[in-house]
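User: I would like to go through the labels on this model and hear what stands behind each one. Please set the values against the cut-offs.

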Amino acid sequence: MTDSRASVSLNDFQQLIRQMYLEKDAARGVDGTFMWLMEEVGELAAALRDGSHDEQGEEFADVLAWLTTIANVVGVDLADAVQRKYGTGCPGCGQFVCTCDDAGKP
Ligand SMILES: [Zn+2]
């Protein structure tokens, strides 16, 4: 029996989003799709301010979905990009628990 709550890999999620939305989002283009991402970021901000935990979770999922669909439109493999950038530790200091100066962005 399949557990519907089983974790989804980033790769699986990108593939799912590709199937659901690539055609529409490619037709809309990066600029228009990016605007939707920004709208969802705004909704996440509102949910973080005064939404329920469930509402916050939904908005995180929406932001991740729109971010992922834009990666599909431009042909970026997210799992590969994340592995390259963060797979060997913090890009700033190279540590798995960041030791970068608090004043700087890692
Ligand atoms: Zn660091």
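Analyst: Helices (H or I, at least four residues) and strands (E, at least two) are DSSP runs, numbered from the N terminus. By that rule, Gly42 belongs to helix H2. This is a predicted model, in which local features need pLDDT of at least 70 and side-chain atom pairs count only at pLDDT 80 or more, while totals for chains, interfaces and linings use all residues. Residues are numbered from 1 along each chain as its sequence is written, and side-chain values use heavy atoms, with hydrogens and water left out.

User: How many helices and strands does the protein have?

Analyst: There are four helices and zero strands. Read along the sequence, this gives the pattern α-α-α-α.

User: What makes the protein more spread out than a compact globule?

Analyst: The radius of gyration is taken over C-alpha atoms, and the globule rule is 2.2 Å times the number of residues to the power 0.38. For 106 residues the rule gives 13 Å, and the protein has 16 Å, which is well over that value, so the protein is more spread out than a compact globule. The C-alpha atoms fill a box of roughly 40 × 40 × 35 Å along the principal axes.

User: Why is Gly42 called partly exposed?

Analyst: Buried means under 20% relative accessible area, exposed means over 50%, and partly exposed is in between (1.4 Å probe, protein chains only). Gly42 has a relative accessible area of 40%, so it is partly exposed. Across the protein, buried residues make up 22% of the 106 residues.

User: Why does Thr68 count as buried?

Analyst: Thr68 has 0% relative accessibility, so it counts as buried. Thr68 is part of helix H3. Contact means heavy atoms within 4.5 Å; leaving out residues up to four places away in sequence, Thr68 touches Phe13, Gln14, Ile17 and Leu78.

User: Is Ile70 buried or exposed?

Analyst: Ile70 is at 11% relative accessibility, so it counts as buried. Ile70 also sits in helix H3. With residues up to four places away in sequence set aside, Ile70 is in contact with Val30, Thr33, Phe34 and Leu37. Its C-alpha atom is 10.0 Å from that of Gly32, 38 residues away along the chain.

User: What makes Ala27 count as exposed?

Analyst: Ala27 is at 70% relative accessibility, so the label is exposed. Ala27 lies in helix H1, residues 10-28. Between Ala27 and His53, 26 residues apart in sequence, the C-alpha distance is 34 Å.

User: Why is Leu48 called partly exposed?

Analyst: Leu48 is at 46% relative accessibility, so it counts as partly exposed. Leu48 is in helix H2. Leu48 touches Gln56 and Phe60, again not counting residues up to four places away in sequence. Leu48 and Phe60 are twelve residues apart in sequence, with their C-alpha atoms 9.7 Å apart.

User: How do you know that Trp36 and Trp66 form an aromatic pair, and what makes it stacked?

Analyst: A search of the whole structure finds one aromatic pair. Trp36 and Trp66 are 5.8 Å apart centre to centre, with 15° between the planes. Rings of Phe, Tyr and Trp (its six-membered ring) pair if their centres lie within 6.5 Å; planes under 30 degrees apart count as stacked, over 60 as edge-to-face and the rest as tilted. The pair is therefore stacked.

User: What does the pair tie together?

Analyst: Trp36 lies in helix H2 (residues 30-50) and Trp66 in helix H3 (residues 53-74), so the pair ties together parts that are 30 residues apart in sequence. Trp36 is partly exposed at a relative accessible area of 38%, and Trp66 is buried at 19%.

User: Which protein atoms are the donors of the zinc ion?

Analyst: Donors are N, O and S atoms within 2.8 Å of the metal (3.2 Å for Na, K and Ca); water is not among the atoms, so sites may look incomplete. The SG atoms of Cys90, Cys93, Cys98 and Cys100 lie 2.2 to 2.5 Å from the zinc ion and are its protein donors. Along the chain they follow the spacing C-x2-C-x4-C-x1-C. Cys90 counts as buried at 11% relative accessibility, and Cys93 as partly exposed at 25%.

User: What makes the site of the zinc ion tetrahedral?

Analyst: Four donors count as tetrahedral if all angles lie between 85 and 135 degrees; four count as square planar and six as octahedral if opposite donors are over 155 degrees apart and all others between 65 and 115; anything else is irregular. The four donor atoms of the zinc ion make angles of 102 to 118°, so the site is tetrahedral.
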